[in-house]
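Open the model in a viewer with the sequence panel beside it. The tour below goes from one selection to the next.

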Amino acid sequence: MIRQRFGGVRSLRILSWTAVAVGWVTAVIARLAVAGTQAPAPDVPVPDPPAQTVFVPSSGTASTPALPERGLVVIRHTPDRRPDPDPVVRRVVVETTVPAPSAPAQSSGS
Amino acid sequence: MRMEHTFGGMGTRIVLRGRRDGVSAARRRFEEVEGVASRFLPGSALRQVNRDRRSRVPVGGDLEALLGAAAEIRDRTGGLVDPAVGRMVVAWGYDRDFPDLVEPAQEPDGDPPGAWAVAGGVVERRPGTVLDLGGVAKGWTCDRVVESGAVTFASAGGDLRSAEPDLVVEVRDPWDEVAATVPVGVGALATSSIARRRWRAGGTDAHHLVDPRTGRPADTPVLSASVVAATALEAEAGAKAVLLLGAGGLAWADRQPWIRRAIVVWAGGSVYGTAA
């Protein structure tokens with residue numbers, strides 16, 4: 001009965017298909033193994049992106065300060081730019097002595 | 001009896017507050033330091049050092065202390081505030097007291113400051129180096145007269161040092177309006193500005209704050225910078241550095257543990273500050 005079910009041509013077909021499957025699996029495993037040991041493919045040059053014009057304000061013309069890590073405090077916002085102050089080009093130093101107390105201390109730069 | 005005394009010295013206006021005898025002693029101290037550290041007085045010790053052709057010159061007393069303080073400030077600001085910038089300041093025409101300035105005919109070439117050091121009573125630098133202790137001397141002397149107890153308040157130009165716990169300072173902008181009201185208390189505040197003391201050199205606007213990185217008057221959107229610190233010397237150096245750094249000045253100040261607060265007046269009139 002067994003001989004009837006697996007006789008002749010059918011046995012041959014099973015054997016041949018088994019051989020094909022084993023060969024295919026072996027080929028896939030071999031290809032993966034070879035790919036893992038091969039040197040990396042050479043770099044392919046990437047074309048430069050299209051040129052862009054980037055405007056970087058110089059320090060002298062920056063519109064706002066760079067942000068400090070602990071935050072920026074806006075003490076006074078002047079949306080309409082004031083004209084530049086008149087520079088002091090000559091100053092006369094006057095010696096005086098006045099009793100305390102006096103007006104609040106001021107600091108406006110040397 | 002407490003009093004406030006105002007007088008001219010160190011090329012600016014000096015204000016002292018305290019008891020009468022302390023005020024007199026403090027004024028004498030300012031005059032002593034100016035006599036040592038002025039770039040303009042013919043007999044000053046600093047002028048003699050600047051004219052000395054030797055590379056190693058003995059220094060002592062106040063001048064040695066001032067140079068030591070200046071070296072520390074130079075290192076702390078990464079070379080931004082360096083008294084060796086003096087030769088460039090002179091080249092741009094600031095070679096005499098401000099009221100007597102004469103315009104140079106042409107722009108000078110930029111030239112970075114050379115290396116210098118002070119140790120063991122000797123200052124070592126390349127002959128020809130001009131050390132300018134103007135800003136350092138003002139702040140340093142304010143610190144000395146307040147720390148000695150002679151006065152409770154000392155201000156020289158834009159630099160002030162206080163031992164008065166309730167001191168509040170009005171920071172004025174270049175338009176002479178109040179830009180900010182700053183509680184200083186026991187501490188110091190200094191303001192550096194390029195809006196004042198301007199002149200022209202070879203057709204170019206010049207001011208006293210020369211950037212050692214470029215050898216030219218600083219190109220900055222900051223018209224004036226004020227810094228609060230523990231000492232007037234630190235505040236003075238911090239304010240100059242913030243002004244020189246321009247757009248990045250406040251971010252830099254925010255990272256310095258010795259700067260309590262920084263405020264800038266921006267070109268056009270806006271006022272910004274670091275968090276208090």
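How many residues does helix H6 of chain B have, and what does it reach from its first C-alpha to its last? Select residues 232–245: H6(B) has 14 residues and reaches 20 Å, close to the 20 Å expected at 1.5 Å a residue (the expected span is 1.5 Å times one less than the number of residues). Helices (H or I, at least four residues) and strands (E, at least two) are DSSP runs numbered from the N terminus.

The model is predicted: local features need pLDDT of at least 70 and side-chain atom pairs count only at 80 or more, while totals for chains, interfaces and linings use all residues. Residues are numbered from 1 along each chain as its sequence is written, and chains are lettered from A and ligands numbered from 1 in the order written.

Colour H6(B) by burial: 14 of its 14 residues are buried (20 or more other C-beta atoms, placed from the backbone, within 10 Å of a residue's own; exposed is 12 or fewer, partly exposed in between). Gly246(B) follows H6(B) and has a positive phi, near 60°.

Next, select the open sheet of three strands in chain B, ordered S3-S5-S4 with antiparallel pairing (two strands pair if DSSP finds at least two bridges between them). Its edge strands are S3 (56–58) and S4 (116–119) of chain B. Four bridges join S4(B) to S5 (residues 122–125) of chain B; Ala117(B) has Glu124(B) as its bridge partner in S5(B).

Finally, go to Gly149(B), in the loop between helix H5 (134–147) and strand S6 (153–156) of chain B. Gly149(B) counts as partly exposed because it has 13 C-beta neighbours inside 10 Å.
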